[in-house]
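This report describes the fold of one protein chain for a reader who is new to structural analysis. Please keep the sequence and the structure in view while reading.

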Amino acid sequence: MTYSETLAYLYDQLPMFQRVGAAGFKKGLGNTLALAEALGNPEQQFRSVHVAGTNGKGSSSHLLAAVLQAAGYKVGLYTSPHLREFTERIRVNGQELPPDYLVAWVARWRQLFEQVQPSFFEMCVALAYAYFAEQRVDIAIVEVGLGGRLDSTNIITPLVSLITNISLDHQALLGNTLPEIASEKAGIIKASVPVVVSQTQPEVAEVFKREAAGKLAHLVFADQIYQAKFTAETEPETGLRPLSVTQHGRPYLPNAELGLPGDYQQFNLPGVLATLDELRALGFHLTDAAVRTGLQHVSQLTGLRGRWSIIGRRPLVVCDTGHNAAGLRLVVAQLQRLEYEQLHMVIGAVQDKDVAAMLELLPAAATYYFCAANIPRALPAQDLAEQAVALGLSGRAYGPVAAAVAAARAAAGPRDVVFIGGSTFVVAEVEELFAPVRTA
């Protein structure tokens, strides 16, 4: 099969959560363990960091990978979902999985898939682990797909576990309360493996304390060690944002800069820094210079896209993949700090999200361009527009993402702002996002 035929086979044969939602999610590790055993247990052949959380796990995974790469290590990175190309999910030192490797690997193991009948995600995890083992990575950063306890990635025993943030999302699959969701995320905690929690959240802290104690796992609440605060807006020429960092209240990394300018990165960075400390204690050589380089050049090193990504100026055009209430609340707060004459919002959503909670957070003074990504899970643009108008927002449905983006950009003046988001899958269809990342 060709690359495109291989992808078509996978999409047709294996249910894919990214496209169809809950029907593509299989609870339990049985299929992944069966695949791993048939492949010679590659998950046991490389060191790893396992990253879970509701918001921030993707950014944190990329930041960890960037710092480790800057320190000279060969780093595997597994994240999901992909934005444009399947191969984005699996990287070694920022280089995506070669399409030819995927084609050959699927051809080799196709009979195994038909026997085990894994989900799309279970197959992806097996592929990633096999590739990292074959590439002999020094360490892999592995992002959980959904939850933690029963997530397909959870067959590794990492050097460190990182849990970023607990918010309401995927309640139908993970639970309806923060402690219930936290229990699922805490399922990545392993016996005697240190665990870092990025944020001390009173509603769920006891869940992590209890789980860590039961596993004799050293527990660190990162924000009790590190604090990070942006000190200015993004530098227009470099795309970097100045940052003040303290460690136990004392200055750390003076004059630091971050290549991810979203406000919410202030909550992710303590977890990243505390995880790096745990790796140092295990013998990794991670200098302050490597940390600075990784933080500054994360997009160039790892290929991260869609986190407060600025793709145009005059008008300012920003994309962000925040797609639940907790994530969008921070995005909207950052938008409202900007100076502009008019705000234009290109918004889409998927059917299995709490759309009303999302819409209630959006600014009433903006003009809206409602759209639907090209996936079966997408909420039709007209349905989204009707719900939004009923809540007092002003705008109309444009159908495809490209049409909504074009309409917003055409209507925007040079001193306006255009925001594109509401769903990862909306951002994934913005072509300009995939231009080569400029090196400062």
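How many salt bridges does the structure hold? The structure, which is a predicted model, holds 13 salt bridges.

## Confidence of the model

The average pLDDT of the chain is 91, and 94% of the residues score at least 70. Residues 17-22, however, have a pLDDT below 50. In the model this stretch has 22 contacts beyond its near neighbours in sequence. Where pLDDT is low, the predicted coordinates should not be read in detail.

## A residue of helix α8

Helix α8 (residues 178-185) contains Ser-183. Is Ser-183 buried, partly exposed or exposed? Its relative accessibility is 36%, and Ser-183 therefore counts as partly exposed. Along the chain, Ser-183 and Gly-148 are 35 residues apart, and their C-alpha atoms are separated by 8.7 Å.

## The six-stranded sheet

Another open sheet consists of six strands in the order β12-β13-β17-β14-β15-β16, and its pairing is mixed as well. The edge strands β12 (309-312) and β16 each pair on one side only. On average, neighbouring strands of this sheet are turned by 20 degrees against each other, direction ignored.

Why can strand β15 (residues 367-372) be described as largely enclosed by the rest of the structure? Five of its six residues are buried, and this is the reason for the description.

On one side, β15 pairs with strand β14 (residues 343-347) in the parallel sense over four bridges. Here Tyr-368 of β15 is the bridge partner of Met-345. Strand β16 (residues 394-400) also runs parallel to β15, and six bridges join the two. Two residue pairs illustrate this pairing: Thr-367 stands opposite Ser-394 in β16, and Tyr-369 stands opposite Arg-396 in β16. Together with helix α15 (residues 381-390), β15 and β16 make a right-handed β-α-β unit.

## A network of salt bridges

Which residues are linked in a network of salt bridges? They are Glu-233, Arg-241, Asp-263 and Arg-337. Glu-233 lies in the loop between β9 (226-230) and β10 (241-247), while Arg-337 belongs to helix α13 (residues 325-337), so the pair ties together parts that are 104 residues apart in sequence. Glu-233 is partly exposed, with a relative accessible area of 38%, and Arg-337 likewise counts as partly exposed, at 41% relative accessibility.

Arg-337 also forms a salt bridge with Asp-263, at 2.6 Å, N to O. This pair links distant parts of the chain, as Asp-263 is in the loop between β11 (250-258) and α10 (265-281) and lies 74 residues from Arg-337 in helix α13. Asp-263 is buried, with a relative accessible area of 9%.

Glu-341 is in the loop between α13 and β14, and Arg-415 is in the loop between α16 (401-411) and β17 (417-421). The two residues are 74 residues apart, and the pair links distant parts of the chain. Glu-341 counts as exposed at 55% relative accessibility, and Arg-415 counts as exposed at 56%.

Terms used:
Residues are numbered from 1 along each chain as its sequence is written. This is a predicted model: local features need pLDDT of at least 70, side-chain atom pairs count only at pLDDT 80 or more; totals for chains, interfaces and linings use all residues. Side-chain values use heavy atoms; hydrogens and water are left out. Buried means under 20% relative accessible area, exposed over 50%, partly exposed in between (1.4 Å probe, protein chains only). Two strands pair if DSSP finds at least two bridges between them. A crossover is right-handed if, with the strands pointing away from the viewer, the path from the first strand over the helix to the second runs clockwise. pLDDT is the predictor's confidence in each residue, from 0 to 100. Contact means heavy atoms within 4.5 Å. A salt bridge is a side-chain nitrogen of Lys or Arg within 4 Å of a carboxyl oxygen of Asp or Glu. Axes are lines fitted to C-alpha atoms, for helices over the stretch in contact, and angles run from 0 to 180 degrees between N-to-C directions.
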